[in-house]
Amino acid sequence: MPADAITPGRTRGRTGNSFSARYSTDAVPEHHRAAYWSDALARTFAGAEASVPGDRCRGRLQTTRLGPVQVVTVEGGPVRIRRPAQPAESPPDGCLMVMSLFEGGAVVSQGHRETRVGPGETVFYDAAHPMRITFTGTFRVACLVFPRGLIGLTETRLKRVLATPISRCAPSAALLSPLLARLGDTVAKLPPGTSEVLVRHVVGLLSVLAEEQLPEEVPLPGGAQDLLARVKSYIDQRLGDPDLTLLSIARSHHISTRYLHKLFEAEDTTASRWIQRRRLQRCRRELARQGSAAMTISAIARQSGFSSAAHFSRAFRRMYGMSPAEWREKALLDGEPTPAGGAAAHRAGAEPRVPRLSALPARRPSGTAAA
């Protein structure tokens, strides 16, 4: 019997670009519950087939879809959910499902892997391939379904974490589990823009969680130092791109963000700090170049990848002990460096000399220096 035919057990709603639906067997006559609950699960997990015992059938389900991401919370009794393959209407790149189990136990099967999942554990599986989940008793879970491209892992790395339970003791899992437990109720109440940002961050946390489970990587041919040199060159060529991220850097070099951090540990820094330092160095050279006097400090900061002038000014002062305006005034008065010298210094990784604060002229009245 279609779930739509039993109105007491189903509610729907739409807010902005989000869609929510609730199913419950509480108000459904007993002789209709098994058909109702099977249909509710099939509607929620497209293409799924659910087998439930009629005498113990009960359940509640809430699903919220926000753009390409679906958040589902389910509680109920024994049930077996089987998905033969990805349905034709699914996105071309397929979807991933992440399930966090709060109560009860489950057996998850996909490919040649069959694993038991206990309370507090999280498991990834690929909705594009056949899978089976069996709940043997009362359970409560939260699931997140999203296009596989959102997680930022290569297919090879992704396959290594599928159908493998992740303990709640894992650092990121301790954050993820309670977040998923309340995510369905939360996103339905938030403004569309806010809820989209929240869901993106949750998917980002899932990416971190998956990478935590992967073993250490072996350096690529040529050694870690050669790889680090290539990464640094890649960063220097894209300093002006405000969308330069650790994920984009790692993807371009076929490594994980975790391994990217490992490369920079030898430099006694992090990849993020390295990027900021190189951007500050670039801004400092440009501020001292005679030909840039007509450009505002904000414009120079934007050209080097800083999206916020205030953030740039604070970072510049922390690193050099003076404001960008003070440095520019002193450097231009001293006539250093020349444009050619600045380019040579950039290639060599050097910087213009930092003047002593005592050598700086008295401040001009506010509004004199370009901002």
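Strand 6, strand 7 (95-103), strand 11 and strand 12 (139-147) each contribute at least two residues to the lining of the largest cavity. The model is a predicted one. Strand 11 gives the largest share of that lining, with 4 residues. Two of these strands, strand 6 (residues 79-83) and strand 11 (residues 131-135), also pair with each other in the antiparallel sense.

**The cavity**

- The structure contains 1 cavity of 30 Å³ or more.
- The volume of the largest cavity is about 130 Å³.
- The lining of the largest cavity is made up of 17 residues, and those closest to its centre are F45, I81, M97, Y125 and I133.
- Sorted by class, the lining of the largest cavity comprises 14 nonpolar and 3 charged residues, with no polar ones.

- An open sheet is formed by 5 strands in the order 3-6-11-8-9, and the pairing is antiparallel.
- Strand 3 (49-51) and strand 9 (113-117) are the edge strands, each of which pairs on one side only.
- On average, and with direction ignored, neighbouring strands of this sheet are turned by 15° against each other.
- Within the sheet, strand 6 and strand 11 are joined over 5 bridges.
- In this pairing, R82 stands opposite R132 of strand 11.

- Strand 10 (residues 122-126) is mostly covered, as 5 of its 5 residues are buried.
- In a regular strand, side chains alternate between the two faces of the sheet.
- In strand 10, T122, F124 and D126 point one way, while V123 and Y125 point the other way, and all are buried.
- Y125 is also among the residues closest to the centre of the largest cavity.
- Strand 7 pairs with strand 10 in the antiparallel sense over 5 bridges.
- V98 stands opposite F124 of strand 10.

- Strand 4 (residues 59-66) is largely enclosed by the rest of the structure, because 6 of its 8 residues are buried.
- Strand 4 pairs with strand 5 (residues 69-76) in the antiparallel sense over 8 bridges.
- L61 has V74 in strand 5 as its bridge partner.
- The two strands, strand 4 and strand 5, form a hairpin with 2 residues between them.
- In the turn of this hairpin, G67 has a positive phi of about 60°.

**Helix 1**

- Helix 1 (residues 30-44) has 15 residues and spans 21 Å from its first C-alpha to its last.
- This span is close to the 21 Å expected at 1.5 Å a residue.
- Y36, W37, S38, A40, L41 and T44 are the buried residues of helix 1.

**G152**

- G152 is located in the loop between strand 12 and helix 2 (155-159).
- With a relative accessible area of 11%, G152 falls under the 20% cut-off, and G152 therefore counts as buried.
- The C-alpha atom of G152 is separated by 6.8 Å from that of S207, although the two residues are 55 residues apart along the chain.

Key. Residues numbered from 1 in each chain as written. Predicted model: local features only at pLDDT ≥ 70, side-chain atom pairs only at ≥ 80, totals over all residues. Heavy atoms only, no water. Pairing = 2+ DSSP bridges. Axes fitted to C-alpha atoms, helices over the stretch in contact; angles between N-to-C directions. Expected span 1.5 Å × (residues − 1). Buried < 20%, exposed > 50% of the residue type's maximum accessible area, 1.4 Å probe, protein only. 1 Å grid on protein atoms, 1.4 Å probe; cavity = no way out; pocket = protein on both sides within 12 Å on 5 of 7 lines; lining within 4 Å. Points joined across faces, edges and corners; volume = space filled by probe spheres on them. Nonpolar A, V, L, I, M, F, W, Y, C, P; charged D, E, K, R; others polar.
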